[in-house]
Amino acid sequence: MKAYKKIVLAGGNGYLGTVLAKYYRDLADEVIILARKQKPVDGNVHTAVWDGENEAGWTVHLAGADMLINLCGKNVNCRYTEKNKREIIRSRVVPTELLGRVIHKMENPPKVWINVTSATIYRHAQDRPQDEETGEIGYGFSIDVCNIWESTFFKTDTPNTRKIALRMGIVLGRSDSVFPRLLNLVRFGLGGKQGDGQQYIAWVHEHDVARSTQWLLDHPELNGIFNCTAPESTKNTDMMHITREAYGARVGLPAPQWLLEIGAMVIGTETELILKSRWVMPKRLLDSGFIFQFEKAEYAVHDILSIRG
């Protein structure tokens, strides 16, 4: 007998959704992915089509769920044009409002609803780590997005569903997200520091992301805001050194800020994603007794490289 009956992943067809579906498929009777396109059934992993805007047949899949994890949101790895800004906000707020409306009306709603938000909500920090209790909220567009997103999530009345905003760091994993891109820089001899290299990276191993969601599911006394980052944020220069050393690359050319500005324009992104110092501490997870399997960046990098082949 499996530990859970049903796990629902809204917007779960991306990288992190794939990680979570793989993790829970052996723990739950069924894993339901709410996605815009139908996919073939994969064992006990099923796709239910939704548009993230309207109530339809997909709502029945929320009934009796042990946990709903909302992963919706346009990738912020783009230029912050007015059009992209509107879409970044809308792609987060609209599905969150929709899920809230549906859950509010349900007689048998999900036991817990985790909304994956972002640890970038905190200010640029090089002086001290930012935790859930004493962390200071920053300013700028990215922070505005997080504030709107979280306020939308918490304003909905869901008396029978526990709610957790999981402020996610940069997920390090094998198949997608940031790490394969860092590794490509290292492979081509460009794996030096970015900018002055002193900015912190609030990272977390993909397996600890999945484990933390299960921890939060299994502890009904936990709710509210949680940071999901490794206990030890790592400076950019150290992360690049760890990756070079693990890969066996001797040389890594640095990328000064002026070059990053040009490169960001060419590839259509923002330097904030690289240069902002995110020093974040997962105080509430640690205080609740959660133990990270990958506390240090070198552990995570060596693990990822050992599996990649």
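Strands S4 (residues 67-70) and S5 (residues 112-118) pair in the parallel sense over four bridges. Ile69 has Ile114 in S5 as its bridge partner. The model is predicted. In general, strands of a sheet pair through backbone hydrogen bonds, in either a parallel or an antiparallel way.

**The sheet**

- S4 and S5 belong to an open sheet of seven strands, whose order is S3-S2-S1-S4-S5-S6-S10.
- The pairing in this sheet is parallel.
- Strand S3 (45-49) and strand S10 (224-228) are the edge strands, each pairing on one side only.
- From one strand to the next, the twist averages 20°.

**Helices on the sheet**

- Helix H1 (residues 15-24) packs on the sheet and touches strand S1 (4-10), strand S2 (28-35), S3, S4, S5 and strand S6 (162-168).
- The direction of H1 makes about 175° with that of S1.
- Helix H5 (residues 206-218) also packs on the sheet, where it touches S1, S4, S5, S6 and S10.
- The direction of H5 makes about 160° with that of S6.

**The H2 and H3 pair**

- Helix H2 (residues 82-105) packs with helix H3 (residues 141-155) at an angle of about 15°, and their axes are 9 Å apart.
- Angles under 35 degrees count as roughly parallel, so H2 and H3 are roughly parallel to each other.
- The crossing of H2 past H3 is right-handed.
- H2 contributes Lys85, Ile88, Ile89, Arg92, Val93, Thr96 and Glu97 to the contact.
- H3 contributes Phe141, Val145, Ile148, Trp149, Thr152, Phe153 and Lys155.
- By class, this contact of H2 with H3 has eight nonpolar, two polar and four charged residues.

How values were computed. Residues numbered from 1 in each chain as written. Predicted model: local features only at pLDDT ≥ 70, side-chain atom pairs only at ≥ 80, totals over all residues. Heavy atoms only, no water. Pairing = 2+ DSSP bridges. Helix = DSSP H or I, 4+ residues; strand = E, 2+ residues; numbered from the N terminus. Axes fitted to C-alpha atoms, helices over the stretch in contact; angles between N-to-C directions. Contact = heavy atoms within 4.5 Å. Parallel < 35°, antiparallel > 145°, perpendicular 65-115°, else oblique. Left-handed = near helix turned anticlockwise from the far one by under 90°. Nonpolar A, V, L, I, M, F, W, Y, C, P; charged D, E, K, R; others polar.
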